[in-house]
Amino acid sequence: MLNNNPVYEVKEMLSESTKVLPVEDGWRFFVDGIPVSRELHDFVEGFNKIHKGVKYHLAESKKLHFENDDKLVPLAKSLYVYRDNVPFIYGAIGYGDYSLTKSDTKSYMVFSRKISNDKYNKHNAQHRMSLTINLNTALKNASKCIAPYTSAEIAKYYFKFPQDKVRDVVYEAKHNLGKIIEPVRSSAETSTFVDEMIYLIDSGVEFKNQAFMEMAKELKDKANVLRELQNRKVGLTFVSFKHGTNVSVEMLDVENVNNQPIYEHNFLNYASNITTCSMENLPEAISSRVAVLNILSDKQYVERVGMKIDDNTFWVERG
């Protein structure tokens, strides 16, 4: 079944179990080993002239009659389009019936993040589809809508992962402070209480109550840790390695993410322009952190270092 989210990770797509279609004896039309209709084969052939080097993966199949044969042939109806070293699919193309109700009309289909078909609900895959019965029109749609991701787009979609981790550090510090206050706290408001307790501790007051004595040993350190984390300006640099004749690096900076709510629709308002450099000229502060992150698993985070998204994509922490 075609995933209705056009921002679909290639690793997730490849890990999904898709049935290998049986090969019919004498069948002539294949794309990357997948049996397809003549129409979809022609579509792919035309699309390959626009985007060279892309790959295809089975998205959905259907048993269809073709070439005046009464036998039902299992063929790919839709194919995901992707490229190595790019984290998301470019989109999908297909040929068949894409109406919500069964129809005899078959269309060439383009599925892309750049399409918004308001005739359909946003939760339906058709909302991201462009349909036409004309191959040349379909190729024009594919050329316009199935486009490579920019580093800014990739950064935007992955930003929430390191941002959440940065904020988790502050939440954990709050939790640690709350745990030692809880036995003696009489109010839900802790800031005044903490300030007063630190004043008494600094004044050399000796507490008679055992619970207060135990709390006083840790409270000042925990409060200082929390305030330092709350006041720390945490910047992130998105790092994307581009593989070609020579490996280049694209970077994009986002400032002070710790206390700044950033949402997908206004992400670029808080992000500086993309800069590009060669591997040799990558700043030491960036390359050293990438070296640490590179040994991690995907989407693993290290405080004050950053997060690895995949082997070519990183968020490096600054501050």
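Buried means under 20% relative accessible area, exposed means over 50%, and partly exposed is in between. Keep in mind that this is a predicted model.

The overview, then. The protein chain has eight helices and 13 strands. Of its 319 residues, 45% are buried. Now take the contacts between residues at least 6 apart in sequence. In 59% of them, the partners are at least 24 apart.

Start with helix α2, residues 38-50. How far apart are the end C-alpha atoms of α2? They are 19 Å apart. Thirteen residues at 1.5 Å a residue should span 18 Å, so the two values agree.

Which residues of α2 are buried? Glu39, Leu40, His41, Phe43, Val44, Gly46 and Phe47. Note that Glu39 and His41 are on that list.

Next, the partner of α2. Helix α3 covers residues 135-145, and the axes of α2 and α3 come within 10 Å. They cross at roughly 40°. That angle makes α2 oblique to α3. The crossing is right-handed. On the α2 side, the contact is made by Asp42, Phe43, Gly46, Phe47 and Ile50. On the α3 side, look for Leu135, Ala138, Leu139, Ala142 and Ser143. Sort the residues of this contact by class, and you get seven nonpolar, two polar and one charged.

Step off α2 to His51. His51 is in the loop between α2 and β3, residues 55-64. Buried or exposed, then, for His51? Buried, because its relative accessibility is 12% and the cut-off is 20%. Leave aside its neighbours within four places in sequence, and His51 is in contact with Arg83, Ile146 and Pro148. His51 is also 8.1 Å from Ser143, C-alpha to C-alpha, though 92 residues separate the two in sequence.

Helix α5 is residues 160-181, and helix α7 is residues 210-231. Their axes are 9 Å apart, at an angle of about 160°. That makes α5 roughly antiparallel to α7. The crossing is left-handed. From α5, the contact includes Val169, Val170, Ala173, Leu177 and Ile180. From α7, it includes Met215, Leu219, Ala223, Leu226 and Leu229. By class, the contact holds twelve nonpolar, two polar and three charged residues.

Last stop: backbone angles. Most residues other than glycine have a negative phi. Two loop residues to look at here are Asp32 and Arg304. Asp32 has a phi near 50°, a positive value. Asp32 is in the loop between β1, residues 30-31, and β2, residues 34-35. With a relative accessible area of 52%, Asp32 is exposed. Arg304 also has a positive phi, near 65°. Where is Arg304? In the loop between β11, residues 300-302, and β12, residues 306-310. Its relative accessible area is 34%, so Arg304 is partly exposed.

That's my tour. Over to you.

How values were computed:
Residues are numbered from 1 along each chain as its sequence is written. This is a predicted model: local features need pLDDT of at least 70, side-chain atom pairs count only at pLDDT 80 or more; totals for chains, interfaces and linings use all residues. Side-chain values use heavy atoms; hydrogens and water are left out. Helices (H or I, at least four residues) and strands (E, at least two) are DSSP runs, numbered from the N terminus. The expected span of a helix is 1.5 Å times one less than its number of residues. Buried means under 20% relative accessible area, exposed over 50%, partly exposed in between (1.4 Å probe, protein chains only). Axes are lines fitted to C-alpha atoms, for helices over the stretch in contact, and angles run from 0 to 180 degrees between N-to-C directions. Angles under 35 degrees count as roughly parallel, over 145 as roughly antiparallel, 65 to 115 as roughly perpendicular and the rest as oblique. A crossing is left-handed if the near helix is turned anticlockwise from the far one by less than a right angle, and right-handed if clockwise. Contact means heavy atoms within 4.5 Å. Ala, Val, Leu, Ile, Met, Phe, Trp, Tyr, Cys and Pro count as nonpolar, Asp, Glu, Lys and Arg as charged, and the others, Gly among them, as polar.
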